Each structure stands twice: as C-alpha cells, then as structure tokens.
Amino acid sequence: MDDLDRELGPHGAAEDCHDSSDDNSSKGGKKLKCPVVNPIFCLGERYSVCVCVCSYYMKTFLTIIWRITTEILHHHPNSTMDDYNNVYERMKHSGVRHHLMICLEHAFHLLLHGRTEDAKLQLSAAESWRHGKESAAQHQRTKLIQAYRSLLDYAIWCDKKLTSSNNHFDSDDNQGMQNNFRQASVNLKETLKNPGVWDPFILSYVDMLEFYEDHEEALKILNEYAYDNSFPPNPNAHVYLYQYLKRHNASEKKLIRVLKILHALVPSHELMLDYSAFLLDSENKKDIEKAFGVILEMLDFTCWRTNMDIWKCLKAIIQKLQIQEDWENVVCEKMAARKDWWPALHFTSFQASKDLEENPELWEVKASLAKVLCPNQTLKYTAERITNGKWT
Amino acid sequence: MDYKFPEQLFPSFYNLGPPDSVSGFYAGSWGSYDRVRPQGGSGRLSSWTLTAKHQPRGESWRHTEPAPVPLLSPRKDLENQRTALTSASVGFVHIQMENFFLDHCYDAFGCMSDLLGEKFDFSGNKKTHRRSDSVQMGHVKRFLHRMNFKICQQSYESVKMKRYSLLMPDVVHVVPPQLLGSLLHEELTDRRDGLLFPEGTTGGALAFVPFSPQSDARRGCLVYPGHQGLDRLHFHKVALQHRRGSSSSVDADGSPFSFQLKGSIRQISCSSLSPECCVGVRSDYFCGVWKFSERNEPRLLQVVETSEVATCINVSPHILGEVLVASESGAVKLWTVGKGMQAVRTEDANLYFNAKSPWRWCEFSAHPRVMLYADRTGVELTDVRTNPASSHTLFRISSAAECRSGERLVLSRYLGDAHSFHHLVTTQYSAYIMDERFPGVPMLKWDHMMESPPMSCHVVPGSSPSGSGEERTTKVLLGSHFSQEITMLQYSGGRAEACSSRGPPQALLRPRESLKHLPVQIPHRLDTATNRLSSPAAGLTCIQKKSGGDECLCVLQLTAAGDIFYQILEPEQPDAETSRPPAAEDEPQHQQAASAEQLPPELVVADTSSDEDVIGPTQCVQRVVPETPERSPMLSMDSEDSELESKSRYLKRLALQVVVNNEPELDRGSDLEASVKESGNVAEDVAEDAEEPNRVEGTVNGSSRAVPPRRRSPVKLSSSSLVTWKHWLQKLMHVSCDRKSHSQHFQVQTEGLLQLSNRQASEKEHVQSLREDLKSCMSRRSLLVDGVASAPLRAPDVVPLPNQVDEEAWTDRLSRRLTVSWQGEEAWRSWWKEELGMNREEKMQALRRKRRKEKEAKRAAGGRLKLTGSFTSSVSYQSALDDLSDLSGWSSATSQMGWSDREGRRMSSQVDDFWENATPSTAQNAALTPTPTVTPTATPTTTPQKAKDGRGDQQTPSRPPTFSSSQKQTSYPTPTGPRRNKRSADEYLNSLFASQV
C-alpha cells in the first residue's frame with residue numbers, strides 16, 4: 001500500500017489539485033472503472049488524492065483519446081453522426097482544458113456535414129462558456145468561436161437577403177437581417193482587431209457593410225487589414241482592398257497606390273498585369289519604364305515563363321518604348337542585372353524547340369523580343385537547331 | 001497556374017514572440033479539422049460548402065509487397081561503426097586508448113623511447129650483440145607481436161611486462177593518460193552525437209533523374225554513392241517495370257558509370273533541365289558538378305574545395321550550371337560552374353536566436369536570384385541582386401508557426417516541382433508548407449510523428465482536376481536517418497484554393513523490418529543480415545509513373561551501408577474493393593503462376609548451381625535441412641507449386657466462408673479454431689507446402705467479414721521478390737565471410753592432437769561418398785534414407801557391449817536390490833518392504849491360511865489327529881515361514897528373534913545413505929546399476945505387473961484373521977527393534993515416495 005502511495009505521490013503533488021478538482025473531473029474520476037485507476041480506491045478514504053490522480057490521467061490522456069477516437073471514426077466505414085456526437089459530447093464534459101477546442105471541432109464536423117443549425121447552436125453554447133481565469137490560448141479560442149458563429153450569422157443573413165430580393169420587400173425579413181448583421185458585426189469587429197489571417201471573416205463583414213452602405217467602416221477595416229504592421233503581410237489583404245476600391249470606382253491613382261504596395265510584396269502576383277496596364281495607360285514616360293520593369297520582374301518567376309499574355313504585354317510595352325528616342329538605354333538599364341542569366345533562363349535552344357512545339361505563337365513573340373532584350377549576345381533561341389534534331 | 005494565390009486563406013491568429021513553453025503531453029494533430037473555410041459563399045445557405053484544413057480522407061496507397069526489395073546486390077561496406085560508437089563509456093575509452101597506443105605508438109611514447117632506446121636492445125639475439133650496458137628486450141618484442149592477435153590475457157600474460165608497467169607507468173607517455181582519456185571521451189561523445197544525428201547527411205545522397213519526363217518517368221538515371229565508405233559516385237540507368245496486378249520491379253541492368261571521389265558522398269542534388277541534367281555532389285570538403293543526359297555519358301564539369309565543412313549543395317532548377325554551396329562558416333556562395341563563385345551571404349551567428357549550431361542550408365526559390373538561407377532557427381529569403389543582400393523572414397521558430405519550445409529546423413526544401421512558390425520546412429516534430437508570397441505564416445502544418453528527425457525528403461507533384469485524369473494530391477516523402485523511417489504526407493491546393501492536408505501521415509516500409517517477411521534465417525546469418533539491414537538511411541528518392549490507370553510510386557531508399565531498397569505503392573481503387581469477385585482477386589496469382597511457368601526450368605537450376613559456387617561447399621550440406629532459408633523460395637518458384645498455391649488459397653477462402661457462415665451459434669473461439677483446422681486440412685490436401693501464417697491470416701479475414709473488407713497490403717512476398725532477397729542474402733553472406741577471413745586470429749596448431757592414426761582416410765572417403773549420395777538424393781528429390789548413407793558410417797562405431805550379468809551369481813543384498821530396481825519402482829518398493837519387514841504380518845497370515853488349509857485337507861482325508869502330527873506341523877510351519885522369507889535376507893535376522901538396536905540404527909542409516917545417493921527412478925537406477933544388460937525397455941512392461949501384485953498384497957489383510965492374538969504373541973515374539981521401527985520406517989518410505997511421485 002505504501003508503495004502505491006509513494007508511486008502516486010508525485011502525480012498528486014505535481015498536479016494543482018484546486019485547479020483541477022472541478023465537478024466534471026471529480027465526478028468522472030469516481031465513476032471511472034478503468035483498470036489503471038481501480039487500485040487507487042484501495043487508498044481508503046483519501047479521495048482527494050484519488051481526484052488528483054484521476055484528473056492527472058484525464059488531462060494527460062484525454063487529448064490523445066479524443067484525437068485517436070475521432071481519427072478512428074473518420075476512417076471507420078460505419079461511423080454515424082451519433083457516434084461523433086457521442087464522442088465529442090463526452091470529451092467536452094470530461095475536461096476543462098480542451099473544452100473550447102473540442103466545441104470548435106464539433107461545430108466544424110457538423111458544418112462539414114451540412115448541419116449548419118446544429119453547428120450554430122454548438123457555437124453559441126461554447127461562446128458563453130467560461131471557466132476560471134482565461135488564458136491567452138483560451139481567449140483566442142473564444143474569439144475564434146465567436147467569429148465562426150458570426151460567419152454562420154452571415155450565412156443566414158445571405159440566405160435572407162436572397163429571399164427578400166426575390167420576394168417583395170418584407171419588414172420581418174429586414175428585421176431578421178438587421179438582427180443577424182448586428183450579432184455578426186459585433187463579434188467580427190472585435191475579432192478583426194487581433195492580428196491574424198481573417199480572409200473569410202473580412203469578406204463577409206465587408207459584404208454586409210457594403211449592403212448597408214457603410215463604406216467608411218468597410219474601407220477602414222480593409223485598410224487596417226492591409227496596412228497594419230502588426231498583421232502578417234497577407235497578399236489577399238491588398239487584393240481585397242483593390243477589389244473593393246475597384247467595385248466602387250475609386251480613382252486610378254488610389255488603385256495604383258494599392259497595386260504598388262502589392263508589387264513590393266508579391267512581384268509575381270496576377271494583379272501586376274493590371275498594374276502594368278494602369279501604368280501604360282498613364283502615357284507618362286516614367287510609368288512606361290515602370291511597367292516594363294514590372295513585367296520583366298514577373299517574367300523572372302518560373303510560373304510566368306510560358307505565359308502568352310505576359311510576353312504579349314512585354315511586346316506591347318517595348319513597342320511603346322521604341323517610340324521614345326533613348327529606348328535602348330532604358331532597356332539596357334533594366335536588363336543590366338539580368339543579362340547574365342536571362343538568356344539561360346528564357347532563350348535556350350531547348351526552350352526554342354519546346355516553345356515551337358507547344359506554342360509557335362509564343363516562340364514568335366519571344367524570338368522577336370530576344371534580340372531587343374539581349375542585343376549584344378548570341379542567343380540560341382532559333383528555329384534552326386530543331387531541324388537538326390540533335391541536342392547537345 | 002502557380003501564379004494564382006488562394007482567394008481565401010484559413011483564418012488564424014498571428015502571434016509573434018517565442019514559442020509557448022507549455023511542456024507536457026503532445027498529441028499531434030490527429031482527428032482534428034483545425035479550421036474550416038467557406039467556399040463559394042454569399043449564395044444560399046444550402047449552397048455553402050465548407051472545406052477543412054485537415055481533411056480526414058486522403059488517397060490510400062497500398063504496397064504491392066510487404067517488404068522493400070533490394071535493388072542491387074550487396075557490396076562490401078566498412079565495418080559497422082554505429083554499434084561501436086554508440087557507447088562512449090569509460091571501458092570503451094580504454095579500448096580506444098589501447099588502439100591509439102598501438103596504432104600511433106610514436107606519438108604516444110616518442111620522447112621517452114628516444115631516450116631509452118639507446119639502453120634497450122630489441123634485437124632479441126642474445127649472443128651476437130651482447131653489450132654490458134643494454135637491457136635485453138626480446139620478450140617485449142614477442143609480447144608486442146602477440147598484441148596483433150586476439151588472445152586470452154590470462155594464459156599469455158608476461159610477468160616481465162607487468163614489472164615494466166609497474167616501474168614506469170608515469171614516464172613513458174608523451175600525453176598523460178588521464179588527459180588523453182578525458183579528451184578522447186569528449187571526442188567520442190561528440191562522434192556519437194554526430195552518428196545519432198549526422199548533420200552532414202541532410203538532404204540525402206540518392207537521386208533519380210527521369211529521362212523525358214513529359215511522356216513517362218519509367219526510365220531514368222539513378223545517382224547514388226557506392227563502394228566502401230560511399231566514396232564512389234554511380235550513374236546507373238534503371239527502368240521501372242510495373243503492370244497493375246502483376247509483380248513490379250525496378251531493373252538496374254548494365255553496369256553503372258562511376259567516378260571515384262576523395263571523400264564519402266554526403267549529399268546529391270539533381271536538377272533536370274531537359275535534355276541536360278546537372279548533378280551536384282557534396283562531400284565534407286569537396287563539391288563537384290557533373291552533367292549528363294540520356295544520350296551523353298556523365299561528365300565532370302568542375303570540383304571546388306571548401307575551406308570549411310560544406311553543409312549544403314543545391315543545383316539550380318532554373319539555370320543550368322548554377323549551384324549554391326553553404327558551409328559551416330555561415331557563408332553561402334553562388335557557384336556558376338566554369339565562371340567562379342559569388343558570395344551571397346555570410347552570417348557568423350544564427351539568425352533569430354543562438355542555437356549553437358554551425359549548420360547552414362541554402363535553396364533556390366521561385367526567383368532565380370532570390371535565395372533561401374536557413375539555419376536551425378529559421379529561414380530567410382535573400383535577394384542576391386542588391387548589395388548588401390536584402391532579406392526577409394520566410395519562417396522562424398516562433399509562436400507564429402505554433403512551434404513548440406525546443407523545436408529546431410532540420411531540413412528545408414524548395415518544392416519547385418509541385419508548386420513554384422512552395423517550400424517545405426521540417427523540424428523534429430512537424431512539417432510546414434510555406435508560401436514565399438506570404439512569408440511568416442505557414443500555409444499548412446503537419447505533425448509527422450517520426451521517431452527521428454527527417455533528414456531527406458522527396459516531393460511527388462500532384463495534378464489538378466483540370467488536367468488529364470483524376471485529381472492527385474501532392475505527396476511529400478520524409479525520410480529519417482537513424483530509424484530508416486519514410487513518412488508520406490499528402491496535401492492539395494496552394495493555387496486557387498488554400499492548402500489542405502489530406503489524411504493522416506502514412507509510414508512506409510523500413511528495410512530493417514523486412515526480415516520477418518523472409519524465410520527464417522540461421523542465427524549467425526540472421527545477425528549479419530540484421531546488422532546490414534538496420535544501418536541508417538542515407539537518402540530517399542521516388543520514381544513516379546502516372547500513365548492512366550497504371551499509376552504507381554516507387555520509393556527508393558539508400559542505407560549507409562550502400563544498399564538501395566525499393567517499395568512500390570499503388571493507389572487503392574475503391575470501386576474494385578467491393579465489386580470484385582473473389583476469383584478476380586486471384587487473377588494476379590494465376591498470372592504470376594503463368595509467368596513463372598514460362599520461365600525455363602534450366603534457368604532455375606543454373607541459378608542454384610551458381611549460388612552454390614558463391615556460397616561454398618559448406619552451404620551445400622545445409623541445403624538438405626528443411627529450415628534452410630533458401631529452400632522455401634525455391635519451392636515456390638516451381639511452376640507447379642505456385643499454381644497449386646494459388647488454388648489452395650482460393651479453396652481456403654471458400655472453406656472459410658462456409659465454416660464461418662454456417663455455424664454462427666458456436667462459440668467464437670472454437671469456431672475460429674475449427675475453421676483454422678478445416679481450412680488447414682483442405683489446404684493440405686491440395687498443396688502440401690502451404691505456409692502456416694498465411695492460413696491464419698486468411699481465417700482472420702474470413703471471420704471479420706461483417707465489415708466491408710478493406711484491401712490490405714499483401715502479407716506475403718511475391719516469388720520474384722523472394723528470389724531477389726534470397727540472392728541478396730547469399731551475396732551478403734559471401735561478402736561478410738570474405739571480410740571475416742581477413743581478420744587475424746592467433747592460431748594454435750591442433751592438427752593431429754586428437755585423432756586416431758588410421759581412421760582418417762576412410763573417414764574422408766566416407767564423407768565424400770556421403771556428399772555424393774546427398775547430391776544424387778537432392779537431384780532425385782528423394783530423402784537421404786538411413787540405409788543408404790548411415791550404415792557404412794555406423795559400422796565401425798559399434799562398441800562391444802559388456803558381458804551379460806548373471807543375476808543369480810550376485811546374491812549379496814546390494815546386487816539384489818539393484819536387480820530388483822531395474823524392474824521398476826513397485827518391485828523396488830516391495831523389496832524394501834520385505835527388507836524392512838513391513839509385510840511380515842501379511843506373510844504370517846498367508847502362511848497361517850496355508851497351514852489351516854493343509855490341516856483341513858488332512859482332516860478331510862480322514863486321518864486321525866496325532867499329537868506328533870500337530871507338533872511336526874508347527875515345526876514345518878516355522879520352516880515354511882523361513883523358506884518364504886528366505887530370499888529377503890531379513891529372515892536370518894527374524895529367525896534369530898532379535899534385533900539389536902545398533903543393528904537397527906545401522907540399517908536405517910543405510911537406508912538414509914541410499915536415499916541420499918540415489919532415487920528410485922529408473923533413469924537414476926540405470927545410471928547406478930553395473931548391469932547394462934538389463935535393458936530399460938523391460939521397465940515399462942514390468943511395472944504394471946508389479947503394481948498388480950502390490951494390489952494383491954494389499955487385498956490380503958482384508959480377509960478375517962483366524963489366529964488368536966495370544967498364539968501370535970507366543971509363537972512370534974516380535975523383536976522390539978523392528979517393531980518400533982516399522983511404523984516410522986513405513987512413514988519414512990511413504991514420505992519418500994510421495995516426494996518421488
């Protein structure tokens with residue numbers, strides 16, 4: 001008996017009894033009839049030790065039990081929704097530490113299986129759940145739960161919006177939508193203040209704000225999301241801002257400013273085609289040079305190398321540049337940093353044969369540009385090598 | 001499409017700062033969805049679809065074989081240092097110091113030997129150079145010569161040497177042993193750590209370059225290190241032979257094109273910019289670049305020597321001939337082959353915190369002039385174009401990536417093949433997918449759950465659903481060093497959709513676990529094979545075949561011993577699982593059988609003979625033993641057998657179904673047993689050589705039929721793989737035998753010590769003839785019957801038996817007892833009873849009965865009762881009693897009507913001695929008895945008789961006694977000694993028997 005006591009001692013001492021001896025765990029502990037815990041009841045009346053030991057076991061193994069159980073259910077051919085609910089509910093009530101996480105996972109499971117209403121109930125219940133002193137992780141989870149609940153509010157709001165636009169204007173619907181909007185916006189606004197990646201939430205919040213024509217708030221949210229330094233450099237933040245501005249016919253200058261910052265962040269972004277188009281439109285000599293630089297930079301990246309549009313765009317820019325007198329200097333200046341590796345990157349004999357085979361038009365465009373871009377170099381980007389058929 | 005950035009990413013918090021120091025239990029990311037995000041939102045609620053970040057279901061890939069198959073025949077490797085160096089204990093340090101003293105004796109004792117050398121004479125020749133002032137050291141020379149051998153220190157100890165070592169232990173060493181010991185211990189500890197986690201091998205030294213990747217990646221060139229110490233670079237053309245349902249293999253025909261290098265190869269980096277391919281090879285201080293194509297032989301372009309240990313080499317996927325090299329000083333250089341090197345970045349310290357690690361890593365990225373620079377703390381993207389290079393963080397060990405405290409970066413890899421903006425970053429716990437367009441936030445995170453950190457990786461690009469065929473996930477294969485693990489992770493997305501992981505991590509097969517799938521090995525071979533197979537992994541690559549339905553992945557793994565193993569994975573076809581009839585499942589078996597049938601039988605025979613040549617004559621003899629490892633694969637290679645086997649499997653399945661379904665009420669356990677038995681019988685009727693484990697597996701499958709059966713990986717190696725394994729193991733034994741013969745042993749001549757003079761010739765002849773018999777038997781596939789072989793051998797061995805012992809001639813008590821004891825325990829027991837006089841009363845009663853009968857007979861005859869008659873009868877009774885107990889030898893004592901106490905004590909002490917020395921079991925008696933003629937076979941037959949007799953004796957007292965007690969007392973005054981002893985002796989005996997029985 002003493003040995004057992006000694007063995008159990010460290011566990012009991014290591015665990016903070018007062019923190020863990022909540023109703024759930026003590027109840028669960030006494031109910032438990034697993035062989036690991038059974039010898040503990042030989043300890044006689046020392047139930048406080050039992051509780052400590054049980055809660056230790058629970059804490060340690062609860063997560064792994066939950067994870068393995070759900071993983072098994074995921075792969076079990078005959079698992080039903082009831083099984084899942086059973087597991088999630090049981091696990092939720094047998095420990096404090098992971099309660100919110102399990103709630104969230106439960107809601108996700110319901111959502112993924114199309115049971116939006118149940119998921120919303122779950123999230124609402126979890127939202128109001130509190131226990132003890134809130135840790136940072138717990139706080140973030142609560143925020144996440146609120147945000148997901150708001151996302152579901154938005155979904156319902158969208159649903160109502162569609163019905164009301166189909167039918168005639170209904171005051172009840174309007175009232176419901178207002179309610180949903182209010183509920184969603186409070187939480188979303190709160191969540192979006194935290195640094196993070198909030199793409200789905202931002203989109204839904206902005207959509208609702210746009211509907212109620214609160215442009216100021218929408219713009220503020222989007223600007224904060226894109227330009228707040230505590231946020232990660234999310235390219236989508238700039239894309240959303242650009243798209244919003246474009247939807248509301250903002251001035252070209254504003255659009256270019258957004259794209260310029262995006263260009264600094266992600267020079268290979270799709271929107272750089274728009275950027276170069278804007279720059280070309282301005283007819284400013286500097287801007288054409290800038291557009292030339294933007295397109296060249298895009299072509300540095302692997303993913304744009306065989307893109308027809310971008311080569312055509314480059315050709316157009318060069319044609320525009322060629323109107324100027326000192327166009328050769330401009331090209332030389334931009335190509336100076338690239339001249340030692342661009343030929344190997346774009347204008348090899350193998351690429352010539354490949355382009356000719358796959359896209360002769362691209363080959364034509366590239367071949368015409370090759371001499372312009374690398375004027376003093378002997379390039380192998382010709383059609384002749386292919387007729388020989390021999391690769392070196 | 002790589003230029004598309006996901007429109008919506010999964011929501012997450014962005015926490016800056018060091019990772020949380022929440023220690024304790026970590027359960028990985030099993031079973032969770034992590035996050036969901038809406039797809040195609042803003043429509044009706046019902047049209048909302050959600051996607052999870054961790055999707056529970058991925059593609060399921062199935063092994064075609066239960067064990068990896070060796071690709072090349074084994075070559076010699078260096079002695080396995082791993083086991084030796086994993087223990088840096090004090091005792092081990094002593095051994096190392098001893099080696100140092102022997103191998104570098106001048107460094108160890110140089111100074112003192114210069115001083116003492118003048119006075120010492122090592123010539124050993126006493127007579128020629130006799131100088132008065134020199135010390136003869138001939139015995140030292142002999143002692144040192146003996147050090148070359150492994151000898152018993154006790155039997156060859158030298159008293160003189162002991163005296164020397166006592167005299168001058170503190171003067172002869174150049175470096176004091178204590179200091180040397182501590183330094184050596186430190187060094188060994190470092191080495192051990194290096195072996196457990198060798199930073200140098202990061203990246204892996206195995207690469208596969210497919211020829212013409214557009215069409216099919218079945219043919220290509222495998223680049224791998226070979227030779228002892230992995231210092232020879234091989235370029236080997238290989239082809240993947242795969243047809244769904246039939247056996248797959250990797251052909252490595254022809255001899256490889258190879259280059260001898262100066263150091264062992266640590267990393268091989270390949271990039272194929274078709275048609276040319278560039279191979280960068282890194283050893284500790286040298287980096288080299290080779291170029292080759294399908295038509296051109298490999299050609300060395302340039303080699304550079306680094307001043308510091310090189311830790312990384314990477315060949316550019318963008319521009320042919322550009323290579324990045326990182327070394328331990330923290331310098332990363334861009335090496336344009338033929339043009340020179342350009343320093344890209346130099347860091348003295350670690351990036352984000354002091355991780356005390358000199359390890360550096362570098363990779364290319366989506367932009368040809370933006371490099372990735374990594375150390376244990378994080379990854380930075382460095383723009384080479386500006387000077388000084390500008391850089392920004394791509395990944396760091398922080399809470400932004402939800403790292404755990406103590407987590408360190410182990411490997412980084414540019415996933416250009418799969419997605420031009422993606423990078424894989426692995427730590428000892430997790431694997432991260434980073435998008436360089438959105439630095440700082442991992443797009444995806446897995447817990448790879450590997451035992452040891454992943455050191456090499458290979459990515460298998462997936463395909464989008466818009467492309468030809470169905471959608472395929474991108475697969476990331478992670479390989480660890482020490483534990484040989486390969487883990488496959490799957491993910492999809494990264495373009496228009498955000499990345500999401502698919503399914504749990506899947507562990508692939510390890511070479512060290514393959515022995516259990518092979519036929520049982522002889523212990524000493526098992527040791528060699530286990531050691532060889534468990535040498536740590538050194539590289540990983542993959543051959544992908546993606547033509548239509550014939551898709552497969554072939555994963556190749558290099559071990560530090562220089563062996564390459566491959567395993568082939570096929571996608572599991574969900575529709576085939578359920579709809580396929582059982583007969584169809586056997587199709588491959590039949591096909592296999594058919595293909596085996598096509599093989600000319602001569603090929604097999606030639607095969608074995610060649611193997612015998614390899615192994616040598618001793619292995620020849622072993623082949624007859626049924627457990628011999630190579631025998632069973634040979635059997636299954638036979639066409640008839642394999643056909644039978646497939647049939648039997650089919651029948652087994654049928655039998656199982658019947659048994660399980662017809663008797664549902666039966667107890668589960670017995671049901672299972674019965675089915676095993678029955679299926680076994682059926683199987684045995686059809687094919688006698690069906691294996692046991694297979695049978696049991698079949699039963700288990702059958703009994704769990706209630707659940708829809710998932711197709712599992714096969715439990716048995718195919719015959720072709722078994723043959724490959726067999727050849728590999730044989731070659732390995734040959735190679736390791738060769739090595740053993742080189743090691744020196746101290747040899748003592750034992751020839752002729754324990755041999756009889758004239759028997760040698762005949763013995764040899766006989767063994768020769770026996771071998772011939774054996775060979776002929778093997779060719780006839782008959783048994784080596786006793787009469788054929790053993791009779792001539794047995795004949796000279798007949799030992800003349802000693803003469804038969806005449807039992808009657810030995811009449812003393814001991815001999816009688818021993819004779820009796822040969823007849824079994826009962827006889828022996830009754831003898832003792834008689835000897836101790838315990839059955840006297842019974843005998844007396846028997847005699848009385850006899851006498852009464854005689855009297856009655858006389859009376860019935862009508863004779864008158866005479867006084868003399870009665871008198872004589874009493875005398876005759878006495879004599880009859882004597883006659884009866886005559887044999888016992890006890891009677892003499894009885895007839896003397898007295899037993900002295902001394903005698904009784906002597907008797908009992910005799911009994912005690914007897915019990916101490918011998919036990920009445922027949923085996924013991926057989927050992928004791930001097931009469932070998934009494935055959936032990938007699939014992940079981942006699943025992944029941946005696947037992948019967950014993951019962952008869954016991955029955956006698958049940959008859960009513962007819963004599964009066966007074967008569968008994970007067971006629972037979974029982975001696976006090978035996979009477980007193982009787983009861984105790986009886987108990988004593990009983991207790992002894994009890995202990996015996």
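I begin with a working rule: two strands count as paired if DSSP finds at least two bridges between them, and the strands themselves are DSSP runs (E, at least two residues), numbered from the N terminus, as are helices (H or I, at least four residues). I note that this is a predicted model, in which local features need pLDDT of at least 70 and side-chain atom pairs count only at pLDDT 80 or more, while totals for chains, interfaces and linings use all residues. For the bookkeeping, residues are numbered from 1 along each chain as its sequence is written, chains are lettered from A and ligands numbered from 1 in the order in which they are written, and side-chain values use heavy atoms, with hydrogens and water left out.

Entry on chain B as a whole. I looked up the make-up of chain B and found 29 helices and 36 strands. Of its 997 residues, 43% are buried, that is, under 20% relative accessible area, with exposed meaning over 50% and partly exposed lying in between (1.4 Å probe, protein chains only). The accessible surface of chain B, computed by the Shrake-Rupley method with a 1.4 Å probe, comes to about 52,400 Å², and carbon and sulfur atoms hold 53% of that area. Taking contact to mean heavy atoms within 4.5 Å, I note that among the contacts in chain B with a separation of 6 or more, 61% join residues 24 or more positions apart.

Entry on strand β16. I followed strand β16 of chain B, residues 286–292, and found that five of its seven residues are buried, so the strand is largely enclosed by the rest of the structure. On one pairing, strand β15 (residues 276–282) of chain B runs antiparallel to β16(B) over six bridges, with B:Arg282 bridged to B:Cys287, and the two strands make a hairpin with three residues between them. β16(B) also pairs in the antiparallel sense with strand β17 (residues 299–305) of chain B, over six bridges; here B:Phe286 stands opposite B:Glu305, and six residues lie between the strands of this hairpin.

Entry on an open sheet. I then turned to four strands of chain B that form an open, antiparallel sheet in the order β26-β27-β28-β29. Its edges are β26 (409–414) and β29 (444–447) of chain B, each with a single partner strand, so one side of each is left without a neighbour in the sheet. Between β28 (residues 430–435) and β29 of chain B, which run antiparallel, I noted four bridges, and the bridge partner of B:Ile433 in β29(B) is B:Leu444.
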